[in-house]
Amino acid sequence: MRVSVDIFLRALFALTVPCIGSANPVSDTASTALFSSTTEVSTSSDGTSSTHAPFTHPFHTTNALHHGQSFCDTGKMQSPIDLVETSCEKKEYQPVKFLDDILFTNEVQYENNCETVKITLVDKTLKPRVEGGPLNSCYFVDNIHFHWGMKNTEGCEHTINGKQFCMEAHMVMYKNTSKDVVEATIKKELAVVSFLFSLNPTMDPDLKTMVHGVTEVLQPHTMFNISGNSLNILKDFIGSGFYSYTGSLTTHNCDEGVLWTVLKKPIPISKTQLIIFHDVIGEDGDELQNWRHTKPLNDRQVFVSSF
Ligand SMILES: [Zn+2]
């Protein structure tokens with residue numbers, strides 16, 4: 001019954017709430033934060049609020065939710081997971097797609113926030129729109145960030161049939177019925193498109209400008225502005241086949257109800273390019289690594305696109 005009501009409400013929202021687009025201003029809170037919701041409940045003991053809560057390899061929890069334990073420890077719908085093709089239910093989906101070029105034609109900022117390299121639009125009033133795949137409405141892109149390890153054989157968060165890749169990028173989005181990621185976290189209207197990266201013998205020229213952006217923010221708390229066309233490679237891969245399931249944020253407070261789309265086709269990255277990510281320095285002066293191990297699927301169903 002709950003499911004039916006939920007489906008009805010989702011359908012209603014989809015029908016009644018148009019995708020507002022770039023004309024609609026976004027709040028400062030939403031536009032400056034990565035997983036802003038987690039910052040509200042994971043304020044550090046020194047009073048600073050983290051935009052991507054502290055963690056080290058492989059993942060540890062230091063903070064608790066205000067109402068008790070963190071979902072990171074107790075949640076039953078956690079991410080990442082191992083995506084097992086034979087256990088997936090095949091479903092007819094439309095490809096995921098960008099509805100505009102906002103993300104690629106405007107200036108973006110690369111930031112080393114000591115937990116990841118996070119990319120956001122410099123103009124916080126702009127709201128790139130995405131739809132398709134499992135998204136039942138239009139979603140706005142909040143940020144893109146990366147997860148990596150220390151070795152070439154690790155770093156990806158989701159695995160496919162037990163295989164781990166070397167890096168993963170998350171494009172974090174919130175539904176157009178929420179005003180920002182804070183509200184979307186509460187309303188369970190967050191979605192993430194996940195791009196996996198696999199090692200490739202040669203350098204991919206399409207990744208060159210993105211890697212350049214990362215090169216400029218190796219030191220802690222540094223920022224670098226560059227054209228959004230440094231993200232063009234995302235456009236090439238977002239339309240590929242994918243897995244979809246409901247999970248959680250992979251950083252504190254591991255809030256659940258996040259709709260995941262994990263693209264099947266990995267983006268090729270050379271060792272030279274991957275090393276740049278391995279060279280990103282965290283708060284303590286050491287090389288940063290920020291991937292979380294897979295979590296139990298429990299009674300969730302994973303869907304796979306038929307293409
Ligand atoms: Zn992430």
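# Close-up views of the chain

**View 1. Ser305 is found in strand E16, which covers residues 303–305.** Welcome to the first stop. This is a predicted model, in which local features need pLDDT of at least 70 and side-chain atom pairs count only at pLDDT 80 or more, while totals for chains, interfaces and linings use all residues. Residues are numbered from 1 along each chain as its sequence is written. Helices (H or I, at least four residues) and strands (E, at least two) are DSSP runs, numbered from the N terminus. Is Ser305 buried or exposed? Ser305 is buried, because 22 other C-beta atoms lie within 10 Å. The cut-offs are these: a residue is buried if 20 or more other C-beta atoms lie within 10 Å of its own, exposed if 12 or fewer, and partly exposed in between, with C-beta atoms placed from the backbone. Leaving out residues up to four places away in sequence, Ser305 touches Lys91, Tyr93, Gly241 and Phe242. Two residues count as touching, or in contact, if their C-beta atoms, placed from the backbone, lie within 7 Å. Ser305 and Leu263 are 42 residues apart in sequence, and their C-alpha atoms are 9.7 Å apart in space.

**View 2. The whole chain comes to 9 helices and 16 strands.** Step back for a moment before the next close-up. Of the 307 residues in the chain, 43% are buried. Take the contacts between residues at least 6 apart in sequence: 75% of them join residues at least 24 apart.

**View 3. Three strands form an open sheet in the order E1-E8-E9, with mixed pairing.** Its edge strands are E1 (82–83) and E9 (163–164), each of which pairs on one side only. Two strands pair if DSSP finds at least two bridges between them. Strand E8 (residues 159–160) runs parallel to E1, and 2 bridges join them. One place to look is Asp82, whose bridge partner in E8 is Thr159.

**View 4. Thr159 lies in strand E8.** This residue is partly exposed, because 18 other C-beta atoms lie within 10 Å. Which residues does Thr159 contact, leaving aside its neighbours within four places in sequence? They are Asp82, Leu83, Gln164 and Thr294. Thr159 and Leu196 are 37 residues apart in sequence, yet 9.1 Å apart in space, C-alpha to C-alpha.

**View 5. Strand E11 (residues 190–200) is mostly covered, with 8 of its 11 residues buried.** Follow its pairings one at a time. Strand E10 (residues 167–175) pairs with E11 in the antiparallel sense over 8 bridges, and Tyr174 has Leu190 as its bridge partner in E11. Strand E14 (residues 256–263) pairs with E11 in the parallel sense over 4 bridges. Here Ser194 stands opposite Val262 in E14. Strand E15 (residues 267–270) also runs parallel to E11, joined to it by 4 bridges. In E15, Ile267 is the bridge partner of Phe197.

**View 6. Helix H7 (residues 208–215) has the buried residues Met210, Gly213 and Val214.** These residues cover an arc of only 100 degrees around the axis, so they sit on the same side of H7. The arc is that of the directions from the helix axis to the C-beta atoms. The buried residues of H7 pack against strand E4 (107–112), strand E5 (117–121), strand E12 (223–227), helix H8 (232–237) and helix H9 (271–278).

**View 7. In helix H9, the buried residues are Gln273, Leu274, Ile276 and Phe277.** They cover an arc of only 145 degrees around the axis, which means that they are on the same side of H9. Which exposed residues are carried by the face of H9 turned away from its buried side? They are Thr272 and Ile275. Strand E7 (135–148), E10, E11, H7 and E15 are among the elements that cover the buried residues of H9.

**View 8. The largest nonpolar core has 67 residues.** A nonpolar core is a set of buried Ala, Val, Leu, Ile, Met, Phe, Trp, Tyr and Cys residues joined through C-beta atoms within 7 Å. In this core, Met167, Met171, Met173 and Val192 touch the most other members. E7 gives the most to the core, with 8 residues. For a closer look, pick Met171: its contacts, leaving aside neighbours within four places in sequence, are Val141, Ile144, Val192, Val193 and Leu234.
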